[in-house]
Amino acid sequence: MIKLKLNGKDHEFDAPGEMPLLWALRDVALLTGTKYGCGMALCGACTVHVDGQPTRSCVTPLAAVAGKQVTTIEAVAGQPAGKAVQEAWRKLDVVQCGYCQSGQIMSATALLAGNRSPSDADIDAAMGGNICRCATYVRIRAAIHEAAQNLA
Ligand code: FES
Ligand code: FES
C-alpha cells in the first residue's frame, strides 16, 4: 500500500511501487485528466505536481511519491495560480485539440507559483518540455502573461 496526499486528500494506492504514477492516476484513481503522450519524459502531456514541482508522471514510479503531495489537473484550480491560468486559458481560447493542455496548464501553474512576473525567456524555459502538436505556443505564452497580470 502506498500512501500519499492526492489532490489535498489522504490516498492509498493498492498498486506495485514500480507502476508509473501516470498509470496509477489514470487506471487506479480514475483521474483521466492527465494524459499519456510519449511515455519517455519527452512531451509533457503527463505533467502533474509533486510537492509543487512539475513532474513527468509517465517516468515517475509510484513508490517515489510515497508521503508526498501530488496534484493533478482535476485540482489545480484550488491554487491561486492554477485558477488564474485556467481563466486566462479560457479567455484567450488557447486550446485546439486539447490533448497536451492539462500538461501545459500544470507547467504554467508551477511557473507562476514561483514567479509572478515571468519574462518570455522564463516562459520558454519553463514550458520548453511541453510539446503541442497543434502549435498553440503563441496563445500559451500570451495566456501566461494574462494570468500573471491577474495574479499581480
Ligand atoms: S507522456 Fe510523459 S512526458 Fe510524454
Ligand atoms: S492543443 Fe492539440 S496538441 Fe496541444
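Which residues does I144 touch, not counting residues up to four places away in sequence? The legends below begin with this residue.

**Figure 1. Contacts of I144 in the predicted model.** I144 touches W89, A108, L111, L112, P118, I123 and M127 (contact: heavy atoms within 4.5 Å). This is a predicted model in which local features need pLDDT of at least 70 and side-chain atom pairs count only at pLDDT 80 or more, whereas totals for chains, interfaces and linings use all residues. Residues are numbered from 1 along each chain as its sequence is written, chains are lettered from A and ligands numbered from 1 in the order in which they are written, and side-chain values use heavy atoms, with hydrogens and water left out.

**Figure 2. The largest nonpolar core.** A nonpolar core is a set of buried Ala, Val, Leu, Ile, Met, Phe, Trp, Tyr and Cys residues joined through side-chain atoms within 4.5 Å; buried means under 20% relative accessible area, exposed over 50%, and partly exposed in between (1.4 Å probe, protein chains only). The core has 21 residues, of which V85, W89, L112 and I144 touch the most other members. At least two residues each come from α2 (80–91), α3 (101–114), α4 (120–127) and α5 (137–151), and α5 gives the most, with six. Helices (H or I, at least four residues) and strands (E, at least two) are DSSP runs numbered from the N terminus. A second, separate core of 15 residues includes A24, L25, V48 and V65.

**Figure 3. The hairpin of β3 and β4.** Strands β3 (residues 47–50) and β4 (residues 53–56) run antiparallel and are joined by four bridges; two strands pair if DSSP finds at least two bridges between them. T47 stands opposite R56 in β4. Two residues lie between the strands, and D51 takes a positive phi near 50°.

**Figure 4. The salt bridge of K91 and E146.** A salt bridge is a side-chain nitrogen of Lys or Arg within 4 Å of a carboxyl oxygen of Asp or Glu, and the whole structure holds six. The side chains of K91 and E146 meet at 2.9 Å, N to O. This pair links distant parts of the chain, with K91 in helix α2 and E146 in helix α5, 55 residues apart. K91 is exposed at 58% relative accessible area, whereas E146 is buried at 16%.

**Figure 5. The salt-bridge network of D120, D124 and R141.** R141 and D124 meet through their side chains at 2.8 Å, N to O. R141 lies in helix α5 and D124 in helix α4, so the pair ties together parts that are 17 residues apart in sequence. R141 is partly exposed at 30% relative accessible area, and D124 is partly exposed at 43%.
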